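Work through the exercises below with the model open. Each task is followed by a solution in steps.

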Amino acid sequence: MESKFDVVVVGGGPGGYVAAIRAAQLGMKAAVVEREHLGGICLNWGCIPTKALLRSSEINHLLHNLGEFGFSAENVQFDLPKIVTRSRKVAKQLAGGVGHLLKKNKVAVFEGAAKLAGKHTLGVTKDGKEVATLTAPHIVLATGARARQLPGMEGDGKLIWTYREAMVPPSMPKSLLVVGSGAIGIEFASFYRNMGAEVTVVEMLDRILPVEDEEISAFARKSFEKQGIKILTSAKTTKVQKNGDSVTATVEAGGKAQDITVDRVISAVGIVGNVEDLGLEGTGVKVERGHIVIDEYCRTGEAGIYAIGDVTGAPWLAHKASHEGVICIESIARQNDVKPLNVGNIPGCTYSRPQIASVGMTETRAKAAGHEVRIGRFPFIGNGKAISMGEPEGMVKVVFDSKSGELLGAHMVGAEVTEMIQGYAVARTLETTEVELMHTVFPHPTVSETMHEAVLDAYGRAIHF
């Protein structure tokens, strides 16, 4: 295969493959080096297969609550191997789709691990053997990240799971301890609880979903606890004892220690960038706290080397990686309309039951930044579509600057809010004020009407609450 390119992207995840395709669209000769599987962690072991699992758990929940909708069923059961198999098939289908898109755009794909081997040069190896030597004036590092391992609680593939093992359980555990209450931890807690397992969540900080608005976190916690999930905050796991086919964890909270014995432990305490074995030594590429440092156009400290996605740090989101890939390539191509990424306009989503979604500043952060704020709220119980769906638990909260009318942030919890948050993301990108939002006509009956009512509430004009 050809070894000289305009751009070589290391990593075929949602950042890498998008960057390569955008490069090809702009007339560049592009290549991707992927050591494991196209689509990266998100498509193969993260975003996509977990949504397939969560869909199955939602169906399981509905099947056990059919009476509310006028149905009855006896002896409702699930087939865990089939649920896992479906999840893997979805991931495989989409991974194949990525390969097709790269081929369609004439992007060369090299299987193996890439390492810098001099200026503008990459060596590619597979199974210890040299595959190719690639040269390009522009090299984009999109190597992603992996699960952070806590000392004494390293994943062993059997009793202590990372996200990978949690996605392909050989059997349904009766009890689980989830360490960490970010999006990953909460999604797994929700999945396993909806499938019937007893679940305990341990969070070191004083609330779950700590990046979310405090009111949303509190609402979500009440909902999860109502479902039977046990939640321990301001707590830490100090010791883990393996007992053959169970685990006893010592958890300290409120100055007291308690032993919790469960079938399995899921460690979901964050991720760390894949910065090793890239040949960064002796280059101007700077690594801080396990992540590559970049500027607003994804440039590292070494000319001709760029980095995008999870390897560059938070927020660790696939859509952030994809957008950075586009920014990086368009900057290389010197496109006139390229703009730096505004992290404040990146929506975040957690696909638990209930779902959580947000964009922009929380109320606390807005006040800390010096804004005088106006807050609007609207509960799902005041929305006809939510009640009709049997999903009356939820709320929308908006944060406005009281002087300019700028939408500083929006926060949601409830059914399908991950599909609704984009409305506020568009509003922030367009720098919409409260006036435009109040004058926007929302379709009826939809859950999205809660978004309109929350805006109206911020200005004392809510109609249905």
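Two strands pair if DSSP finds at least two bridges between them; helices (H or I, at least four residues) and strands (E, at least two) are DSSP runs, numbered from the N terminus. The model is predicted, so local features need pLDDT of at least 70 and side-chain atom pairs count only at pLDDT 80 or more, while totals for chains, interfaces and linings use all residues. Residues are numbered from 1 along each chain as its sequence is written, and side-chain values use heavy atoms, with hydrogens and water left out.

**Exercise 1. Describe how helix α1 (residues 16-25) lies against helix α4 (residues 80-104).**

Step 1. Compare the axes, which are lines fitted to C-alpha atoms, for helices over the stretch in contact, with angles from 0 to 180 degrees between N-to-C directions. The two axes come within 10 Å and cross at roughly 20°. The helices α1 and α4 are therefore roughly parallel to each other; this class holds angles under 35 degrees, whereas over 145 is roughly antiparallel, 65 to 115 roughly perpendicular and the rest oblique.

Step 2. List the contact, meaning heavy atoms within 4.5 Å. Y17, A20 and I21 of α1 meet V98, L101 and L102 of α4. The residues of this contact divide into six nonpolar, no polar and no charged. Nonpolar covers Ala, Val, Leu, Ile, Met, Phe, Trp, Tyr, Cys and Pro; charged covers Asp, Glu, Lys and Arg; the others, Gly among them, are polar.

**Exercise 2. Why does α1 count as largely enclosed by the rest of the structure?**

Step 1. Apply the burial cut-offs: buried is under 20% relative accessible area, exposed over 50%, and partly exposed in between (1.4 Å probe, protein chains only).

Step 2. Nine of the ten residues of α1 are buried, so the helix is largely enclosed. Among the buried ones are G16, V18, A19 and R22.

Step 3. Identify the cover: it includes β1 (7-10), β2 (30-34), α4 and α8 (318-332). After α1 comes G27, with a positive phi near 85°.

**Exercise 3. Where does helix α7 (residues 214-226) pack?**

Step 1. Define the sheet: five strands in the order β21-β22-β25-β24-β23, open, with antiparallel pairing. β21 (348-350) and β23 (373-379) are the edge strands, and the twist averages 10° from one strand to the next.

Step 2. Place the helix: α7 packs on this sheet and touches β22, β23, β24 (395-401) and β25 (407-414), its direction making about 5° with that of β25.

**Exercise 4. Is S190 buried or exposed?**

Step 1. Locate S190 in helix α6 (residues 183-194).

Step 2. At 1% relative accessibility, S190 counts as buried. Leaving out residues up to four places away in sequence, S190 touches I229, S352 and R353.
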